[in-house]
Amino acid sequence: MTPTNILFLIGGYFLLLLAISYFTGKNDTNDDFFKAGNKSPWYLVAFGMVGASLSGVTFISVPGWVEASQFSYMQVVFGYLLGYIITAYVLLPVYYRQNVTSIYQYLDDRFGFVSYKVGAVSFFVSRVLGAAFRLFLVAIVLQQFVFDELGVPYEVTVIISVLLIWIYTFKGGIKTIVWTDTLQTLFMLLSVGLSIYFILDKMEWGLFEFLNSNELKQYSKTIFVDDWLAKDHLLKSFLGGMFVTICMTGLDQDMMQKNLTVSTLKDSQKNMLSFSVVLVLVTFVFMLLGALLFIYAGKNGIALPMMDGKPKSDLLFPQIALKSDLGITVAVTFMLGLIAAAYSSADSALTSLTTSFCVDFLGIEKKPETNRKRLRKYTHVGMSILLILVVILFKHVLDTNVIDGLLKVAGYTYGPLLGLFAFGIFTSYEVHDKWVWVVALSSVLVTIGLANIEPENLGGYSFGYELLPINGLITFLGLWLIRKK
């Protein structure tokens, strides 16, 4: 598939998104931008959230991670399922009862101004980095397989990617995204299914033959309980996954903003539970795809693609889809799936960052009515520029698998949110609000310190995704120390 063909495909796809944006953004009001008028159908939100949760990171990075980790990521995903249940029945009732626009307004009511700002800053940093991870992944794929051949610099690729998102979200915001996410999820799932079908057909395998093959067994070990000290032990992964979901969904303005567009708590809970079951099943299919890609690469002598002189497993799927002899259908469906997966999370991230900054930092609800829309639009531009700068920086500093890097960052940045909300919901204590920022900062620094201790200094113990609940626990204990008597 030539770079020119890919560009035409991307152009056609975005014309479709712009058509959706035109019809959903006609009102161009802050209420539609932030809350979609609280009229989104729960089943539409649930289906769209599958794509937003998986994103381009799962689409490319999870299959590319299979050789190094086998199916151990499923242990984390099983933890996700419990995390979604807790989110549905512990956190959603709090948000609906308080009727918040930004979920961090709860912290203002519960503890005070400083706690509110600490929560908002924690989310802001987390979401900027998370969105940048996802955009970085799609940018390097477009750069490697499209824009390098056209002589376009990486920086221009990033600017184009973010500009396209800004164009179709700047009016409708979350109202537009609820509908575009549904379309993007559909494209992503079709892409994965068709990729598996055509690769199996090329290898002259049936699906059941593949599932029972010895080749798959080399990659498909799922449960790891042999070594408690190892990073991928079942208990560590499961608990880490549970807390990752509670934080990256339940305490995340991006994901909760979509849920809060549903009119009733009961429907929002139905959305959360149905979406979580589908997400587990879809992630397993991605793991199967990853194993199939490595089997296919091994049989056909396809080496891992190189980037900046280093092998990059994240690029194996695009390498096979776009550069092998699987045909134009696989190439087209891959590109549609990649674009859909990447932008289904990036567009909502840009909108939620705009919402959080407007509500939590600028206090837009207290501004004169005549200035609110203009302020929101300026902020939307500012958030776009910030994402561009961070994604460009990632190319020079990121040297890990993207999904692994994303979960590590979550362990540092979401911990204070976990501790603050847990202390607020499960205790009745007030705190000395002015010291909350010290507790949060100290917790993050201690967690970073723990993560950088060499395993040999801990008797071989290696920290994994349990750093997130540890971070939250440190914050919780710190708040206990500054509670009011």
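These are my notebook entries on a predicted model.

**Entry 1: helix packing**

I started with helix H1, residues 3-24, and helix H6, residues 113-150. At what angle do H1 and H6 pack? I read about 115 degrees, with the axes 9 Å apart. The crossing of H1 past H6 is left-handed. I then listed who makes the contact. H1 brings Pro-3, Ile-6, Leu-7 and Ile-10. H6 brings Leu-142, Phe-145, Val-146, Phe-147, Glu-149 and Leu-150.

**Entry 2: Thr-157**

I moved on to helix H7, residues 154-169, where Thr-157 is found. Is Thr-157 buried or exposed? Its relative accessible area is 0%, so I put it down as buried; the cut-off for that is under 20%. I left aside neighbours within four places in sequence and looked up the contacts of Thr-157. They are Ala-139, Leu-142, Gln-143, Phe-147 and Val-152. Two of these names were already in my notes. Leu-142 and Phe-147 of H6 also take part in the contact with H1.

**Entry 3: the nonpolar patch**

Which residues make the nonpolar patch? I found Phe-47, Leu-186, Leu-190 and Leu-194. The patch covers about 310 Å². Helix H8, residues 174-202, gives the most to it, with 3 residues. I picked out Leu-190, which is found in H8. Its relative accessible area is 45%.

**Entry 4: positive phi**

I turned to the backbone. Most residues other than glycine have a negative phi. Against that, I noted two residues.

Asn-99 is not a glycine, yet its phi is positive, about 55 degrees. Where is Asn-99 placed? I located it in the loop between helix H4 (73-98) and helix H5 (105-110). Its relative accessibility is 57%, so I count Asn-99 as exposed, the cut-off being over 50%.

Glu-204 is not a glycine either, and its phi is also positive, at about 55 degrees. I found Glu-204 in the loop between H8 and helix H9 (207-211). Is Glu-204 buried or exposed? With a relative accessible area of 68%, Glu-204 is exposed.

**Entry 5: cross-check**

I went back over my entries on H8. For H6, I keep Leu-142 and Phe-147 together: both touch Thr-157, and both are in the contact with H1.

Notes: Residues numbered from 1 in each chain as written. Predicted model: local features only at pLDDT ≥ 70, side-chain atom pairs only at ≥ 80, totals over all residues. Heavy atoms only, no water. Patch = residues over 30% accessible without salt bridge, like charges linked within 9 Å, V, L, I, M, F, W, Y side chains within 5 Å. Areas by Shrake-Rupley, 256 points an atom, 1.4 Å probe, with all protein chains shown as cover. Salt bridge = Lys/Arg side-chain N within 4 Å of Asp/Glu carboxyl O. Helix = DSSP H or I, 4+ residues; strand = E, 2+ residues; numbered from the N terminus. Buried < 20%, exposed > 50% of the residue type's maximum accessible area, 1.4 Å probe, protein only. Contact = heavy atoms within 4.5 Å. Axes fitted to C-alpha atoms, helices over the stretch in contact; angles between N-to-C directions. Left-handed = near helix turned anticlockwise from the far one by under 90°.
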